[in-house]
Amino acid sequence: MPGVVEDSPLEIAIVGGGIIGLSLAAGLIKQNVKVKVYEQAKGFREIGAGMAFTANAIRCMGLMNPDIVGALRSGGSVATSLDKDDPNDYLRWIDGYNRRRKDDPSHQTMLFKIDAGYKGFEGTRRDQFLEALVKVIPQEIVELRKRLDTIEEKADGRVQLKFADGTAAEADAVIGCDGIKSRVRELMFGSDNPTSFPHYTHKVAYRALVPMDKAISALGEYKARNQHNHVGPNAHLIHYPVANQTMINATAFVSDPNEWHDDKVTVAPGLRKDLEDAFADWNPCLTALIRHFPEKLEKWAVFDTWDYPAPFFNKGNVCLAGDAAHASSPHHGAGACCGIEDALCLATLAKQVNASLAATSTKTTKKTRKAEALAAAFEVFDAVRRTRSQWLVNSSRRVCDLYHQPEWGHPQKWTKAETCFEEIRDRSLKIWHFDYDGMITDTVARYAEKMMTPLKVTKTVENGNGNGNGNGVENGAAKGTAGVVVVPVAVTAN
C-alpha cells in the first residue's frame with residue numbers, strides 16, 4: 001500500500017563484482033541490508049597486476065567492515081617501502097632518463113620524495129585481494145554471468161533489472177559498480193551521450209610482475225624493495241613490491257599522440273621490443289628491468305572520464321560508485337582508494353536510511369516509503385562525493401603531464417622541470433589526508449536535513465534512453481517525513 005513502510009530489510013542490487021562492488025557489499029551487509037551482487041563474468045577474476053591502498057583508504061575499509069582489511073592483508077599486502085633504517089613509506093620520484101654522472105652510467109638522481117608515514121601505503125596483487133574478498137561475503141548473494149540489459153522503475157517504487165540472458169530481478173535500489181565501461185552509467189545518460197563512455201587519455205601502459213631477485217639485479221637492492229617513480233620525456237615507469245616482497249609490480253606508461261583504434265577494446269597485443277624501443281635512451285637500470293618483462297605483453301590504452309564528467313551520480317533509486325562514476329587514469333594510484341571512500345559514504349547512508357525508516361514506521365501519520373528515503377540518500381551521496389572524485393580524475397591527468405615533461409630531456413631546462421614537485425606534493429597530500437570522519441559527519445547531517453524537507457521521487461532509468469533532466473529527488477508535495485533520528489556518526493561493525 002503506498003506510503004506504508006515495510007518491515008522487510010532494504011534490498012540493494014550491486015551491479016559489478018570487482019573490488020569496489022564486493023567491498024561495498026561487505027559494508028552494506030554490516031548495516032543489515034539485503035544485498036545481491038550481479039557480475040557479468042563467469043567468475044571473479046582480476047588481472048594479476050598490483051595495486052596499492054593508502055593508510056586512509058584502509059581505515060575506511062575498517063570502518064565499513066574489518067573483514068575487508070583482513071582480506072587485503074591475507075592477500076599478501078606489504079608496505080611499498082622496506083628500509084631497515086626508516087619504517088615510513090614514501091613516494092619517490094627519480095630521474096629515469098638522464099645520465100648525470102659520466103663515471104657511473106647507472107646512477108639515478110633522486111628528485112623528490114614525500115613522507116607518507118608508517119605503512120602509508122600497502123601494495124597487493126589485484127587477483128589475490130579479490131580472491132580473499134570473495135570469501136568475506138556469503139556465496140548466495142552473488143550471481144555470475146549476469147550481463148545487465150535494462151533498469152526500470154516499477155509502480156510500487158521498486159527497481160527491476162533485466163539481464164541479457166532473459167532473467168530479471170528486483171531491488172529497492174541499484175548501485176552501479178560496474179567499472180569504467182559501466183552499463184549502468186550508459187543507461188543513466190543514454191547511449192548517444194558522450195558522458196556514458198570513457199575516452200582515451202593518449203597514454204598506453206605495459207604491466208608486468210617481476211620476481212624480486214631479477215628486479216634487484218636490474219635496479220639494486222634499495223630501489224627494488226622500495227617504491228620508485230622514474231620520470232622522463234613522454235614516459236614514466238613506476239614500481240613497488242607486492243606478494244610479501246617476492247615480486248615487484250612494474251608499469252611503464254608511454255605517451256601516444258594518435259587516436260586509439262577501437263574504444264570498445266582497450267587492450268591490444270604488445271611486445272617487449274616496443275617498450276625497449278620507447279625506453280632505449282633511458283637509464284641502464286630501466287632498460288635492464290624491462291628485459292625481465294615477458295616477451296609478449298598486453299598494451300593497455302588508458303581511458304578515463306575527464307573529457308565528459310558525469311553531471312550527477314544518481315537518478316532516482318539508481319546510483320553510480322567507483323570507476324562507474326569517476327573512472328580515473330592511474331597516475332595518482334588512488335582510483336580504488338576513492339572508490340573505497342564512496343563505499344564508506346554509501347554504507348553510512350544505508351545506516352541512516354534504516355534508522356529513519358525504523359523511526360517513521362512507528363508514526364502512522366507520517367510514513368516514508370523506502371523509495372523516497374533511498375532517493376534522498378543517493379542525492380546526498382552525489383553532493384558529498386562528486387566534487388572530490390572528479391577532482392581526482394583531473395589531477396591524475398595533470399600529474400602525468402608533469403611526469404612526461406619534455407624538459408626532462410634538456411639539461412638547460414632541468415631546473416624548470418623540477419619545479420613541478422611542490423604541486424605534486426600538494427595534490428598527493430590532498431588524497432592521503434582526506435578527512436573521512438568529516439565526510440561521515442557531513443553525510444549524516446545532509447541526510448537528516450534532506451529528510452526534513454518534503455520530497456518527491458522522479459523516474460529513475462528506463463530502457464537506456466537517459467531521459468529526464470533531474471537526478472531523482474526534487475522538492476514537491478508533502479510526501480516526506482519529520483521525526484528523523486540521526487544515528488551515531490561512526491560506521492562500525494555490528
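Asn 234 sits in the loop between strand 14 and strand 15 (235-242); helices (H or I, at least four residues) and strands (E, at least two) are DSSP runs, numbered from the N terminus. This is a predicted model, in which local features need pLDDT of at least 70 and side-chain atom pairs count only at pLDDT 80 or more, while totals for chains, interfaces and linings use all residues. Residues are numbered from 1 along each chain as its sequence is written, and side-chain values use heavy atoms, with hydrogens and water left out.

Asn 234 has a positive phi of about 65°, although it is not a glycine. As background, most residues other than glycine have a negative phi. With 41% relative accessibility, Asn 234 counts as partly exposed. Here, buried means under 20% relative accessible area, exposed means over 50%, and partly exposed lies in between (1.4 Å probe, protein chains only). Gln 245 also has a positive phi of about 65° without being a glycine, and its place is the loop between strand 15 and strand 16 (247-255). Gln 245 counts as buried, at 13% relative accessibility.

## His 228 and its surroundings

Let us step back to strand 14 (residues 228-232), where His 228 is found. His 228 is buried, with a relative accessible area of 0%. A polar atom of its side chain lies 2.9 Å from the backbone oxygen of Asn 226, and the side chain of His 228 also reaches the backbone oxygen of Lys 223 at 3.4 Å. A polar contact is a pair of N or O atoms within 3.5 Å; within protein, one must be able to donate a hydrogen and the other to accept it, and residues adjacent in sequence count only if both atoms are side-chain atoms.

Leaving aside neighbours within four places in sequence, His 228 is in contact with Arg 92, Ile 94, Met 110, Tyr 222, Lys 223, Leu 237, Ile 238 and His 239. Contact means heavy atoms within 4.5 Å.

Strand 9 and strand 10 (residues 159-163) run antiparallel and are joined by 5 bridges; two strands pair if DSSP finds at least two bridges between them. Thr 150 stands opposite Lys 162 in strand 10.

## Salt bridges around Arg 158

The whole structure holds 26 salt bridges, each a side-chain nitrogen of Lys or Arg within 4 Å of a carboxyl oxygen of Asp or Glu. Arg 158 pairs with Glu 170, with the closest N and O atoms 3.6 Å apart. This pair links distant parts of the chain, 12 residues apart: Arg 158 is in the loop between strand 9 and strand 10, and Glu 170 is in strand 11. Glu 170 counts as partly exposed, at 30% relative accessibility, whereas Arg 158 is buried, with a relative accessible area of 18%.

Arg 158 also meets Asp 172 in a salt bridge (3.1 Å, N to O). Asp 172 lies in the loop between strand 11 and strand 12 (173-176) and Arg 158 in the loop between strand 9 and strand 10, so the pair ties together parts that are 14 residues apart in sequence. Both Asp 172 and Arg 158 are buried. A network of salt bridges links Glu 11, Lys 154, Arg 158, Glu 170, Asp 172 and Lys 370. Elsewhere, the side chains of Arg 125 and Asp 127 meet in a salt bridge (2.8 Å, N to O), and Arg 125 counts as buried, at 18% relative accessibility.

## Helices and cysteines

Helix 2 (residues 55-64) is largely enclosed by the rest of the structure, because 7 of its 10 residues are buried. Those buried residues are Ala 55, Asn 56, Ala 57, Ile 58, Cys 60, Met 61 and Met 64. In helix 11 (residues 335-360) we find Ser 356, which counts as buried at 1% relative accessibility. The side chain of Ser 356 makes a polar contact with the side chain of Tyr 447 (2.8 Å).

What does a search for disulfides (cysteine sulfur atoms within 2.5 Å) find in the whole structure? It finds 0 disulfides. Cys 338 is in no disulfide, and the nearest cysteine sulfur, that of Cys 337, is 8.6 Å away. Cys 338 is buried, with a relative accessible area of 3%, and Cys 285 is buried at 6%.

Definitions and conventions. Disulfide = S-S within 2.5 Å.
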